[in-house]
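Here are some comments on this model, written for someone new to reading structures. Keep the 3D view open as you go.

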Amino acid sequence: MLRSIKLGGLYGEFYIDPITALIFGGIFIILAAIALRRYKKRLRQKEQIHRLYQIGKKGEEDTIHQLSRIRGRKYILHNIYVPLKNGKSTAEIDIILIHKKGLFVVENKNYSGWIYGEEQELKWIQVQKRDGRPWERLFYNPIRQNQNHIRNLKYFLELEFAWDIPYCSVIVFNQKAKLKKIQIDSKELLVSESSKIRRRLNKKMRRMPQAFTKRQMDMVYQRLAPLENPGKRVKKQHESYLKQKGFQA
């Protein structure tokens with residue numbers, strides 16, 4: 001015969017039968033297991049986000065290294081948050097190269113596999129092999145993405161400077177990507193693998209007239225430098241804006 005279990009509490013003693021104790025004990029174990037599982041899942045997600053963030057930064061470092069070897073006097077800015085015209089948020093630009101030949105706005109893509117796309121298309125295609133089979137993913141045209149960045153950057157700088165500034169949109173795919181079929185028509189646009197970007201930009205710059213004096217380069221740099229790697233508040237505002245617009249931060 002099972003005896004009741006005597007328990008003490010703040011308001012005196014009470015008894016509970018073993019079956020009820022087992023039920024409550026079982027419920028507690030199940031709830032604890034669910035909570036632990038959810039915690040581990042959140043931890044895995046954070047680790048994955050951190051890993052992807054580090055991969056992205058590594059890709060940008062590769063591009064910055066190539067840009068630093070470009071001929072001529074220059075400034076390189078990284079992670080620039082430019083205020084939008086509406087004043088509600090910012091546009092995040094991966095890299096800006098300030099050179100005597102102009103402003104080179106770089107959108108860096110750390111993708112792997114084969115890349116297909118055309119300048120006017122809304123979506124581009126990434127093709128990889130998974131389990132020995134081709135796997136395709138559509139992603140937003142990085143040229144359009146960078147055009148938006150340049151529009152906001154142009155508006156921001158025009159508030160300060162009256163003289164014309166030439167802009168060049170540069171899309172860079174890092175080491176694991178192979179550009180297979182990319183159709184580009186615009187002369188002020190360059191899409192390249194990171195291993196070729198230094199050579200291709202040097203070649204392009206040779207055909208471009210000088211755009212900035214030393215003083216003008218310094219002025220543009222001083223205007224943009226405070227926007228590089230801002231505080232957490234600005235980054236959170238930017239992420240919230242992207243979520244509202246349906247984009248991933």
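1. Start with confidence. This is a predicted model. The chain averages a pLDDT of 82. Of the residues, 78% score at least 70. Residues 245–249 are another matter: their pLDDT is below 50. Beyond near neighbours in sequence, that stretch has four contacts in the model. Where pLDDT is low, the predicted coordinates should not be read in detail.

2. Next, the largest nonpolar core. It has 21 residues. I96, I98, L103, L153, L157 and L224 touch the most other members. In soluble globular proteins, nonpolar side chains tend to be buried together.

3. Look at L153 on its own. Set aside its neighbours within four places in sequence. L153 then contacts V82, I93, I96, L103, V105, Y167 and L224.

4. There is also a second, separate core. This one holds 13 residues, including L67, I70, V106 and V170.

5. H149 also deserves a look. H149 sits in helix α2. Is H149 buried or exposed? H149 counts as buried, because its relative accessibility is 7% and the cut-off for buried is under 20%. Not counting residues up to four places away in sequence, H149 touches A91, E92, I93 and E107.

6. Compare that with Y116, in strand β6 (residues 113–118). Y116 counts as partly exposed because its relative accessibility is 27%. Which residues does Y116 contact, leaving aside its neighbours within four places in sequence? They are W124, I125, V127, K180, K181 and I182. Take K180. Y116 and K180 are 64 residues apart in sequence. In space, their C-alpha atoms are 5.9 Å apart.

7. Finally, the second largest pocket. Its volume is about 320 Å³. The pocket is lined by 15 residues. L189, L190, V191, S192 and R200 lie nearest its centre. Strands β10 (177–183) and β11 (189–193) each give two or more residues to the lining, and so does helix α3 (194–206). What kinds of residues make up the lining of the second largest pocket? The lining divides into six nonpolar, one polar and eight charged residues.

Conventions:
Residues numbered from 1 in each chain as written. Predicted model: local features only at pLDDT ≥ 70, side-chain atom pairs only at ≥ 80, totals over all residues. Heavy atoms only, no water. Core = buried A, V, L, I, M, F, W, Y, C linked by side-chain atoms within 4.5 Å. Buried < 20%, exposed > 50% of the residue type's maximum accessible area, 1.4 Å probe, protein only. Contact = heavy atoms within 4.5 Å. pLDDT = per-residue confidence, 0-100. 1 Å grid on protein atoms, 1.4 Å probe; cavity = no way out; pocket = protein on both sides within 12 Å on 5 of 7 lines; lining within 4 Å. Points joined across faces, edges and corners; volume = space filled by probe spheres on them. Helix = DSSP H or I, 4+ residues; strand = E, 2+ residues; numbered from the N terminus. Nonpolar A, V, L, I, M, F, W, Y, C, P; charged D, E, K, R; others polar.
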